[in-house]
Amino acid sequence: MLDGRRYEVPSDLKTSAYITSSEYEKKYKESIENPDKFWNEQARNIEWIKPFTKVKNTSFEQGKIDIKWFEDGQLNISQNCLDRHLATKGDDIAIIWEGDSPSLSRQMTYKELHEQVCRFANVLKSQGIKKGDVVVIYMPMVPEAAVAMLACTRIGAIHSVIFGGFSPEAIAGRIIDSNAKLVITSDEGIRGGKIIPLKKNVDAALAKPEITTVEKVIVFERTGHHDAWHSERDIWWHEAVNAADPYCDYEVMDAESPLFILYTSGSTGKPKGVLHSTAGYLVYTTLTFKTVFNYQPKDIFWCTADVGWITGHSYLVYGPLSNGATIVMYEGIPSYPTPNRLSQIVDKYQVNILYTAPTAIRALMAQGDVVVENTHRNSLKLLGTVGEPINPQAWIWYHETIGNSRCPIVDTWWQTETGGFLITPLPGAHALKPGAAMKPFFGVQPALVDNEGNFIEGEGEGNLVIMDSWPSQARTLYGDHARFEEAYFATFKNTYFSGDAAKRDADGDIWITGRVDDVLNISGHRLGTAEVESALVAHPKIAEAAVIGVPHDIKGQAIYAYITLNAGEEADDALYLEVKNWVRNEIGAIATPDYIHATKGLPKTRSGKIMRRILRKIACDEADQLGDISTLADPSVVEKLISEYKCLL
Ligand code: WTA
């Protein structure tokens, strides 16, 4: 059986890793028994302008959710990621950028990055951006995306990065929710040879009359092509930066000052503006980056995530730069223009640590050995994965084919809301099991509960909750603390509910089994079924919609959308195409339904509730396991749906 395998800690790591097996046991115990002492020590890994005297002050109590860490300390994140390295690492490379086309690359030292950030921070200031203002970043994967983030943190502005794949509608919703004052974008982006019209999308979003707060748009020139130019509003990045002063002092920020907002999907319609704060986030991402990846000075670290996701925030930008690491930032996709592009980049920059997602691994695996052709990948020491459960077969392929059977794999479980890794192996401490996220990180107390909230001890499976706070936990949902409490702390009293289920095996190791709420995971990206449904029903011909996630070999899950049409409308290929394009325009390409199933009626209870359980079984080709359908108002719809499903395939 594939998932019965175990991979022991490589003998060199047994003694040389930052955290060895015995240290893990000792430190984990200490972190739980005396969190104040443990985190007080770890907080010394970053620089403080004013030291804190208080460590942890948190409450998970119903109605009183309040999370504060190091609350009376003061610091600046940009100073920690840049200025503090200048004396010893100023000439070291901070960012190696590899363009979509293999002929394009750039490098930036810490000194150069520092200067760019200072200049851009001055640009922001000259445009009236102040501490506490919200700035939207809608950029391709270019170093300037990191420059923009660090410039915001330098002056205390709150950034809200929006993934470049999102549509004008999605951008507009996020701008309205956060009252953003300024947008930073690029003329266009390029991924896999395809052009992404970023500026055009921003223009379309800002054309909406509901948006009243955005005053300026700063545009980075990537391709040299764009449509309209609004001279009273739009500013070229290069012109402004060249004219700006090369030094900008950093703001003194309180530990709990808001750092960034990142929108993510939940089980209800509107995306949630997850808010992270300053000190706890930095302490935690700094420590997890160093210990989980066992990052050694001079290692080259490549995280393939886009800056538009939390992984791009915590482990492409903040965690690595706080450690003075050298990062690879790649603009494109793993198999373009040739199937072995990812492996070529590993060889080209002698990458030591590669962090990517199961969906990318499965897509590579499906292409076979061409993806490693003419490459050796001998520089690799460690591999990582994130985003969804990794099937043991893909884990083993990643280990053997990409990692030449030499590199441990850290399967890191975490979320936008957790800020950093919560459950993950430590490469010097834990033997690995393909598909298992293994052990809690320091200070993290996971537990499994049944649907009534009873604890499941020992071997078993249940809802994954976390019993107490950790420093990089989200503090609230922007402008909506009640929703924060409701979404994470109301299901199981006095604990943080992740929305995931997990099982604990006989050794006490943890395996994440996936979401138990109405959140889909498409290629490692979160998407609420309610979000897709509300985009569907906004279409003038659609009356009702129900969206289900179905298993997909590469993407993990695919979107199966049931729709009913308004009277007089007919379902045909043209309508299906129209509906797919509609959803793409409303949310973005990742939300495009893979299957659309138009039908006359959805299965409902007598009180009118759609029975998703039945729809799920039909869409997953498990109609033989429907169970009891006698509570349906009209059980005959089920037969009809099943026969339509068979025609659809
Ligand atoms: C899933 C991404 C299994 C999980 C960092 C979680 C995982 C959601 C893993 C968060 C993993 C993430 N194993 N599942 N190693 N990592 N997930 O907010 O369902 O984009 O709740 O954060 O991804 O997605 P998010």
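Me: How far is an oxygen atom of the ligand from an N or O atom in the side chain of Q415?
Reply: Quick note first: this is a predicted model, where local features need pLDDT of at least 70, side-chain atom pairs count only at pLDDT 80 or more, and totals for chains, interfaces and linings use all residues. Residues are numbered from 1 along each chain as its sequence is written, and side-chain values use heavy atoms, with hydrogens and water left out. A polar contact is a pair of N or O atoms within 3.5 Å, and the Q415 side chain sits from that ligand oxygen at 2.8 Å.

Me: How much of the ligand does the protein bury?
Reply: Accessible areas here come from the Shrake-Rupley method with a 1.4 Å probe. On its own the ligand exposes 530 Å², and the share of that buried by the protein is 97%.

Me: Which elements give two or more residues to the shell around the ligand?
Reply: Helices (H or I, at least four residues) and strands (E, at least two) are DSSP runs, numbered from the N terminus. By that count, the elements are helix 11 (310-322) and strand 25 (510-515).

Me: Is T416 buried or exposed?
Reply: Buried means under 20% relative accessible area, exposed over 50%, and partly exposed in between (1.4 Å probe, protein chains only). T416 is in the loop between strand 20 (409-411) and strand 21 (446-449). Its relative accessibility is 9%, so T416 counts as buried.

Technical notes: Polar contact = N/O pair within 3.5 Å; in protein donor to acceptor, adjacent residues only side chain to side chain.
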